[in-house]
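Reader: I've got the sequence and the coordinates open, and I'd like to walk through them with you. Can you take my questions one at a time?

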Amino acid sequence: MVPVIPQAANNWLSEPNATAALGAFPANLVAFMPEELQREVVAYVNQNYAYPQILERMAYEPMWDTILQMYRIKLDKVDVSIEEASKAGRDLKAENDAASTGNEVRVADSVFFDAVERLTDIHHFVSFKDGIPVQYNIPRYFDTRSEDAFYHPFRDKIKAANALLAWNFDNEDIYRKHAIVTRGFYTYGVAFVLSEFQFLVKYMDRTMNDGRRVQVPEILQIGTSFEPMSIRKLWLNYRLNAFDMDYQPCPFFFSETPRFATLQNQYDQHTNPFGFLNLDKVSDDKSQQWLFGEPEMASFRHAIEGMTSMEQFKRYGTPNLLKSEHSVDALWTFYPMLPLDPITLEWKKRADGSPVPHSRFIMNQFGHNLAGKQILLRLQRNFYPRDTLPLYGSSHLPDLDSGLYTPSLGYLLWNHYREIVTCKIQYLSNKDWINNPPAWVLASSPAANIDLTKSGAKIEVNGPNDFGWRTPYDATGTTVAMMQNLREQAKTSSKSDDAIMGKALGGRTSATEANNAFQASMSAVTTPINLFNYDIMGGYAVKVWEYTGTWFPPELLKRITGQMGFVLTPEDLWTRVGLKWDIGSTYVESIVRQQNIRYMLESSLGDPTLNRAPMWKELLEEWRFDTAAEWVNDGGFEREVFVATNQAIDTFNGKFAMINPDQDHQIAIRVKTRFLEDLDGPFMSNPNTAIFAPALVKQIEVHQQFLMMQMHMQLLQQKVAAAGGEPGMLPPTPGQQPPLQTGGVANTPGQVAQQGGALIN
């Protein structure tokens, strides 16, 4: 028996031409490009962008390897071997450890690891202390006099945008990814994130209530991605700063992608506009090249090899046993500036001989390396708003002297690390000298051939003066003091000393936490956090707003946020809608607001000029009570404003809006009148929605008729009560319903219509 599964709810995809709501994405030009042009484009990108940037970046890769080994508390033996302080150690170092047995004691220190992890923890803790680390905000300079309790489009837009931002945070698992980006930020001094617009529709088998199996189009992916980028997989022009990403001529990177995932990503203009072509060539590719065996991947391979082998054992390369078609391949993504016309496909020069201007494209290639056979999978004109890149970054210590790869903590702590390790080597050498002091032995004594320090040794001598020991000086006390001093200096340099960490993490009560946060905001540790949140989290918020305003279906936005949100537009971000991203802007501000609202509530008892219900609701929301609307009775005011607002928005969008006879018509009239009065608002200023204004005027007239009917019935019942009769005991008229059983006055237009048999024109 086929189980009956409830049918999936209808969505906007079930409507004809639903994907038009996303706008027209540029076509994948691979479908129209001849083979020769495809090869020319790939060769142009490799020769002018890829190869030069790969070679230029190689100068930085040894520094990254050293920094990563410092973080892992494990450097090469020639750098930290105890014996390098001895002649034998220097000889081994000169011979590159050719005579080493691999059993020398290693000395390392955790000063860099401690700094990175402590800063990462405090950064992550503070950023998510009051929810997500960035919010949209109404700027202080914005004039809000055009908004009131009945009409507040900008406030609703900000509220809807924050709801959508939180939805993207949950979908993209940004809590975990934020920690990954932060760790790279403090390790290498620079961090990058890729935020692309995702959209994928597939037909899924669903069981209807009658047992039939049908295919229903469903959204599998939609929204703004948040993908941390490793600097070892990303190539950029090192001359530009991380915050000048849109000036990069051709950023490119590779990602490890299983071949089956590449083959399943078939291009379709409507359901998968970011898919691939030339997949038949991928299926036919039988090359035996391996992902991490290529020269351009050497930096990433070195990072992996550091985890797969220990120096005391024979070094092995990264294993490659799986066949390439069953393993993962390199999927290359480029954002090149190309002299290609996306309409006519004219390359470099037009038919009249004039040069084709450079334009930004999005390009995907398949292949293990860039020198071998490359298969062009995707070439699209860049469609992101304002022709920007979906890639953005941040520097820990930004300056004007270092270009892209600014100094990192590892770069700055390298000398501290070496000094501390040298002290440890000297400490252990001194201890070894004390435990095995130099001895003098008579040349003719049989003790000359015996290990004098062996436990329980029987030493044969000719007399009591055959051998003796020198008393070595114990310098370990001064060495330890010096190590402690160097570690304190390193903590101060990295801003990870105990005093700052304690202020930022300590405290439990609200007052104490607010005080700690304020003190931490005055310390240097918060400046990098604020810069990171401004560049990375603020950059993500800008992408979410721009992508949503450009492509997100309004109906889907309403289902996610609970309101239409007065549809977001990219222009809102171009005018720099305020972003809250700095430490204390949300957490400390919330505490201050709670205290101020409580003071106003306590001091305003009996004051008729203040509306206390919204104040109570806002205080409960600041206390994070999700049921604040159920606790505070505002007479249904917010609900009535919400209903009337949705009726107005549906009307402007050409949809049917039902007028409920029992709704508050006075509130509805004020709300809808404010929509019509705001000629510069999002609906009256748009010709496509302003044409429905007469329908909204008609609704206002209906509300007025309901209101007049209600007032007439109340006046009539007051006259009956003044004459000594029972309210509601009017003589029946033909077509009239039985009187109210409660004997009360009709309070709603619906009851008036039932009791009076009234008609509304």
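Author: Buried means under 20% relative accessible area, exposed over 50% and partly exposed in between, with a 1.4 Å probe and protein chains only. Helices (H or I, at least four residues) and strands (E, at least two) are DSSP runs, numbered from the N terminus. This is a predicted model, where local features need pLDDT of at least 70, side-chain atom pairs count only at pLDDT 80 or more, and totals for chains, interfaces and linings use all residues. Residues are numbered from 1 along each chain as its sequence is written, and side-chain values use heavy atoms, with hydrogens and water left out.

Reader: Which residues of E10 point the other way from Ser-359, Phe-361, Met-363 and Gln-365?

Author: In a regular strand the side chains alternate between the two faces of the sheet. In E10, Ser-359, Phe-361, Met-363 and Gln-365 share one direction, and both sets are buried. The set pointing the other way is Arg-360, Ile-362, Asn-364 and Phe-366.

Reader: Staying with E11, is Ile-375 buried or exposed?

Author: Ile-375 sits in strand E11. Beyond four places in sequence, Ile-375 touches Asn-278, Lys-281, Val-282, Asn-364, Gln-365 and Phe-366, where contact means heavy atoms within 4.5 Å. Its C-alpha atom is separated by 8.7 Å from that of Leu-279, 96 residues apart along the chain. Because its relative accessible area is 3%, Ile-375 counts as buried.

**Helices and a second sheet**

Reader: Are H5 and H11 perpendicular or oblique to each other?

Author: Axes are lines fitted to C-alpha atoms, for helices over the stretch in contact, and angles run from 0 to 180 degrees between N-to-C directions. The axes of H5 (residues 111-127) and H11 come within 9 Å and cross at roughly 140 degrees. Angles under 35 degrees count as roughly parallel, over 145 as roughly antiparallel, 65 to 115 as roughly perpendicular and the rest as oblique. So H5 and H11 are oblique.

Reader: Which residues of H11 make that contact with H5?

Author: By class, the contact of H5 with H11 has 8 nonpolar, 1 polar and no charged residues. (Ala, Val, Leu, Ile, Met, Phe, Trp, Tyr, Cys and Pro count as nonpolar, Asp, Glu, Lys and Arg as charged, and the others, Gly among them, as polar.) H5 brings Val-111, Phe-112, Ala-115 and Leu-119. From H11 come Leu-409, Gly-410, Leu-413, Tyr-417 and Ile-420.

Reader: What is the relative accessible area of His-416?

Author: His-416 lies in helix H11, residues 409-435. Leaving aside neighbours within four places in sequence, His-416 is in contact with Leu-486, Gln-489, Ala-490 and Ser-493. His-416 is buried because its relative accessible area is 14%.

Reader: In the open sheet of 3 strands, which are the edge strands?

Author: The order is E5-E2-E12, and the pairing is antiparallel. E2 (residues 190-194) is joined to E5 by 3 bridges, and the partner of Leu-194 in E5 is Glu-227. Helix H7 (residues 174-188) packs on the sheet, touching E2, E5 and E12. Pairing on one side only, the edge strands are E5 (227-229) and E12 (391-395).

Reader: Last one: how many helices and strands are there in the protein chain?

Author: Of the 761 residues of the protein chain, 45% count as buried. Among contacts between residues at least 6 apart in sequence, 72% join residues at least 24 apart. As for helices and strands, the chain has 25 helices and 15 strands.

Note on methods: Pairing = 2+ DSSP bridges.
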